[in-house]
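Please open the structure in the viewer and follow the selections below in order. Each stop names what to select and then describes what is found there.

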Amino acid sequence: MIRKIATKNLEIGMFVSDVGRAWFNHPWKTKSRLISERSEVDELLKFGITEVYIDTDKSIKKPRPDGPSLKPKMPPVPARPAPAIRQIKAEEISTPLEEEFPRAAKAYNKALDTSKALVAACRMNKRIEVSEVKENVDALCESVSRNRDALTALIKLRHFDDYTYTHSLNVSVLSISTGKALGLSDSDLKILGMGTMFHDLGKLRIPDQILNKPGKLTDDEFAVMRSHATMSAEILTEQNLGVDDQVIQVARSHHERIDGSGYPDQLMGGQIPPLATICGLSDVYDALTSDRVYHKGMLPHDALKFIYGLRGSHFQPDWVDRFIQSVGIYPPGSVVELNTGHLAVIMEVSNRSLLTPLVKVVADPHGQIYSRTKLVDLSKPAESQGWTISKVVPPSEAGFDPAYYFNFKESV
Ligand SMILES: [Fe+2]
Ligand SMILES: [Fe+2]
């Protein structure tokens, strides 16, 4: 039974089923947990959360029999697949960011060249060089294994290049990074990397006037557009490239949605392959956050809010949570304003709570850039001196280029 109780009355052993706040507005990684320490209650109180919902069936410690009983707030969700992956795994970060960043930049640039060659080959109906793609995917997987934040920062900091070339590569980076955070095996990561690199190949066979139409597509045009997923799979099969079936499956199923509204096979719930789900989430995220000819990309946290809205309808709720946890509300490379007005660049999010990344404080409250910056771990009270993130600053309004703080110079 779900009961609403005052946060101050929470006790160790009670199961909180919902903190009653949006995901970005509470201190926990998920909205539910079994209280095992008093500090968890204090965290909620510090956030101004005065009431929570507890599930008495899951609680070891029962509340006193008062207060009205309530129905669960969350709508019922479709049957879940037996997930191959259970939760975000704590990773060992073996390589410091500053050491990995130049290597990641090299791997990214090489992969971008391959992505361009892939597009050209497909447009001219030439054979795809799978071994080259494989080599690049291996390099991306290795970089992510050494430090997940380097490549994800990189895709945020780059400004140039055509969406046609960068989209599949960015989806690949986001997917590998998410897969790594979820503890996928190396071979699954490589399959995911390949599948995502190829996921939109079929779009190269869609006529330009439909692909780049600025207005709304007609029903017929939309049907043509949707055929790209099947065509991506067909290109890979018809060329007899010897790629793993699961790679083809990622390409074919990246637009499937759990309520059956996706395409091409209207798969539902657990029928959708997990790797295709990761590709689908990364695909939506990259499409929303990328600058295009006709519109400016959303800020990452707005895109994640949008994706959160697809929870339970388009994507399994727990997969959405895992994706958000992995990408971070403030991805590396973002500029934020702190509660004191200082400006900071997000440096590292891996293995951290969503709201307390490692930041570099680069400007004072008047926007004056410091000549010597300071790295601050917002999760450590002794370092953060009460600093919290108050808002995201769009890169165009920051007054500086965050890439500078990663020692990153674009060679385009
Ligand atoms: Fe697609
Ligand atoms: Fe896509």
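Begin with helix 6 (residues 186-198) of this predicted model. Of its 13 residues, 10 are buried, so the helix is largely enclosed by the rest of the structure. Select the buried set: L189, K190, I191, L192, G193, M194, G195, T196, M197 and F198. These residues pack against helix 3 (130-146), helix 5 (163-181), helix 9 (228-238), helix 10 (245-253) and helix 11 (274-289).

Next, select L140, L151 and L154, the residues with the most contacts inside the largest nonpolar core, a set of 83 residues. Helix 2 (residues 97-123) supplies the largest share of this core, nine residues. Because domain 2 (97-327) and domain 3 (335-406) both give residues to the core, it lies between them. Around L151, display A104, Y108, L140, S143, V144, V173 and S177, which L151 touches when residues up to four places away in sequence are not counted. A second, separate core has 10 residues, including L10, I35, L44 and I54.

Finally, turn to the open sheet of five strands, which has the order 9-8-7-6-10 and antiparallel pairing. Strand 9 (369-377) and strand 10 (389-393) form its edges, each pairing on one side only. Neighbouring strands of the sheet are turned by 35° against each other on average, direction ignored. Within the sheet, select strand 6 (residues 335-338) and strand 7 (residues 343-348), which pair in the antiparallel sense over three bridges. Which residue of strand 7 is the bridge partner of V335? The partner is V345.

Definitions and conventions:
Residues are numbered from 1 along each chain as its sequence is written. Chains are lettered from A and ligands numbered from 1 in the order in which they are written. This is a predicted model: local features need pLDDT of at least 70, side-chain atom pairs count only at pLDDT 80 or more; totals for chains, interfaces and linings use all residues. Two strands pair if DSSP finds at least two bridges between them. Helices (H or I, at least four residues) and strands (E, at least two) are DSSP runs, numbered from the N terminus. Axes are lines fitted to C-alpha atoms, for helices over the stretch in contact, and angles run from 0 to 180 degrees between N-to-C directions. The expected span of a helix is 1.5 Å times one less than its number of residues. A residue is buried if 20 or more other C-beta atoms lie within 10 Å of its own, exposed if 12 or fewer, and partly exposed in between; C-beta atoms are placed from the backbone. Two residues are in contact if their C-beta atoms, placed from the backbone, lie within 7 Å. A nonpolar core is a set of buried Ala, Val, Leu, Ile, Met, Phe, Trp, Tyr and Cys residues joined through C-beta atoms within 7 Å. Domain bounds come from an automatic or database domain assignment.
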